[in-house]
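Trainee: I would like to go through this model and ask what lies behind the labels used for it.
Mentor: Go ahead, and we will set each value against its definition.

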Amino acid sequence: PEITQALCRLANVMTEEQSYLQQVTSQLVRDLTEKRSDGIWLDVQAFLQQPKALQRRLLRRLLAADTARETVGFEHIDEVLTLLSRQQTGKSLSLPGQRHVSLSYGRARFWQGPAAKAVQADSLCLQVPGKTELPWCGMSLQAEIVDAWQPTVSAAEMYADLDLLENRLMVRTRRPGDRLRMEYGTKKLKDLLTDSKIPREARDRLPVVCSGNEILWIAGCRRSDMAKVSKGTKRILHLWMLNKDK
């Protein structure tokens, strides 16, 4: 009875509830995500604590893309929910419209565009002193020779005994079989990056500084145990990373 009036009342109620849920979803986007140059990053653990209805709404918001004609449907949202619930670092998912989701140590990255391909750059001669541009990662390495040093506070810089290194230092991307000299023995670079929780999509773009056939420094990660500065060091090499536009 009075179905027209009943539907109108229902429409009013649903409009108000839809508006409220949109506000809650917008707040979740602000609280649980971080927008960066390489996409939107989501705190997976905090996401999984939300009600399922809000999880779906949040995912739809993150996967929205004006430039994509293909729509993301219910089954795609379910696939992303399954991916996030398993929390397996390194797993990824591709969706319509060149949308992608990947997991990395408790966070998920959402981005749109062609799937990233592995990068392997030819070795470049490191300018010492001077600046060496690294086209594969949008960074550059600055080198100088100094008389004194101080403990580094960031993995983006390092000091080494220049007289214990080859005359020509090279910089490249990682390669299969790479190993790093540690205090006791050596360690596979692949295992080191995993232990350091470096996101998989970032590993192929890390600058690898080499002296001869041995790795001196993984810029942005850690140095090897070779050519450390000591009291007897006469010439000190100082290396640090810079954004390419600086």
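Trainee: Which residue takes a positive phi in the hairpin of β7 and β8?
Mentor: Gly138 does, with a phi near 70°, and the hairpin has four residues between the strands. This is a predicted model, so read the angles as values of the prediction.

Trainee: What makes β7 and β8 a pair?
Mentor: Pairing needs at least two bridges, and β7 (residues 130-134) and β8 have five, in the antiparallel sense. Glu133 stands opposite Ser140 in β8.

Trainee: What joins β8 to β16?
Mentor: Eight bridges join β8 to β16 (residues 236-243), and the two strands run antiparallel. Because the cut-off is at least two bridges, they count as paired.

Trainee: Where is Pro129, and what is the peptide bond from Val128 to Pro129?
Mentor: Pro129 is in the loop between β6 (124-125) and β7. The bond is cis, with omega near -5°.

Trainee: Why is Glu2 called exposed?
Mentor: The cut-off for exposed is over 50%. Glu2 has 57% relative accessibility and therefore counts as exposed. Glu2 is in the segment before α1, and has a positive phi of about 50° although it is not a glycine.

Trainee: Why are α1 and α3 called roughly perpendicular?
Mentor: The axes of α1 (residues 3-32) and α3 (residues 52-62) cross at roughly 70° and come within 10 Å. The range for roughly perpendicular is 65 to 115 degrees, and α1 and α3 are therefore given that label. Their crossing is right-handed.

Trainee: Which residues meet where α1 and α3 are in contact?
Mentor: Among them are Leu21, Leu28 and Leu32 in α1, and Leu54, Leu58 and Arg61 in α3. The residues of this contact divide into seven nonpolar, four polar and two charged.

Conventions
Residues are numbered from 1 along each chain as its sequence is written. This is a predicted model: local features need pLDDT of at least 70, side-chain atom pairs count only at pLDDT 80 or more; totals for chains, interfaces and linings use all residues. Side-chain values use heavy atoms; hydrogens and water are left out. Axes are lines fitted to C-alpha atoms, for helices over the stretch in contact, and angles run from 0 to 180 degrees between N-to-C directions. Angles under 35 degrees count as roughly parallel, over 145 as roughly antiparallel, 65 to 115 as roughly perpendicular and the rest as oblique. A crossing is left-handed if the near helix is turned anticlockwise from the far one by less than a right angle, and right-handed if clockwise. Contact means heavy atoms within 4.5 Å. Ala, Val, Leu, Ile, Met, Phe, Trp, Tyr, Cys and Pro count as nonpolar, Asp, Glu, Lys and Arg as charged, and the others, Gly among them, as polar. Buried means under 20% relative accessible area, exposed over 50%, partly exposed in between (1.4 Å probe, protein chains only).
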